[in-house]
Amino acid sequence: MAQSVKFILCVYHVAMTADELQQTFVTNLKRARTKAGLSQMKLAELADFSVGYIGDLESGRRWCTLDSLARIAEVLHVYPHELLAPPPQELEHEFKSVQRKYFSLLEKLLHENLAAGVQNAISSTLTALSTE
């Protein structure tokens, strides 16, 4: 399951718009900062940014560079990609959605192949009977 979730993460990121990615970053930044027990002021101080910059990032008014992302992640003791990844519950929901679609398609193909197999068997039987 973990590999599937990682796969969905990759697929999900490709499918995200820039706005969705920024909103995910905003949400994850606030969550990680709160979890670390840091105020915006303390995060700004430890990462060597202004409080206004951190506030702009958390409100989605600004986007950060990769260097800034790395510095913030280091202070928050998370990997940079964790600030960009959808929360696990979203990944789980996405995984279940893809899983349902996969099994539905598989079932449809099975029925189509079964129907085609039955049709071929009937046709072969009728052909065999008509040649007797």
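Is Phe49 buried or exposed? Phe49 is buried, because its relative accessible area is 17%, where buried means under 20%, exposed over 50% and partly exposed in between, with a 1.4 Å probe and protein chains only.

## Basis of the model

This is a predicted model, in which local features need pLDDT of at least 70 and side-chain atom pairs count only at pLDDT 80 or more, while totals for chains, interfaces and linings use all residues. Residues are numbered from 1 along each chain as its sequence is written, and side-chain values use heavy atoms, leaving out hydrogens and water.

## Aromatic pairs

Rings of Phe, Tyr and Trp (its six-membered ring) pair if their centres lie within 6.5 Å; planes under 30 degrees apart are stacked, over 60 edge-to-face, and the rest tilted. The count by this rule is two aromatic pairs. Phe25 and Trp63 form an edge-to-face pair, because their ring centres are 5.1 Å apart and their planes stand at 85 degrees. This pair links distant parts of the chain, 38 residues apart: Phe25 lies in helix α2 (residues 18-35) and Trp63 in the loop between α4 (51-59) and α5 (66-76). Helices are DSSP runs (H or I, at least four residues), numbered from the N terminus.

Phe25 is buried at 0% relative accessibility, whereas Trp63 is partly exposed at 42%. The rings of Phe49 and Tyr53 have centres 4.8 Å apart and planes at 40 degrees, so this pair is tilted. Tyr53 is buried, with a relative accessible area of 10%.

## Helix α4

The buried residues of α4 are Tyr53, Ile54, Gly55, Asp56, Leu57 and Glu58. After α4 comes Gly60, which has a positive phi near 80 degrees.

Terms used
Helix = DSSP H or I, 4+ residues; strand = E, 2+ residues; numbered from the N terminus.
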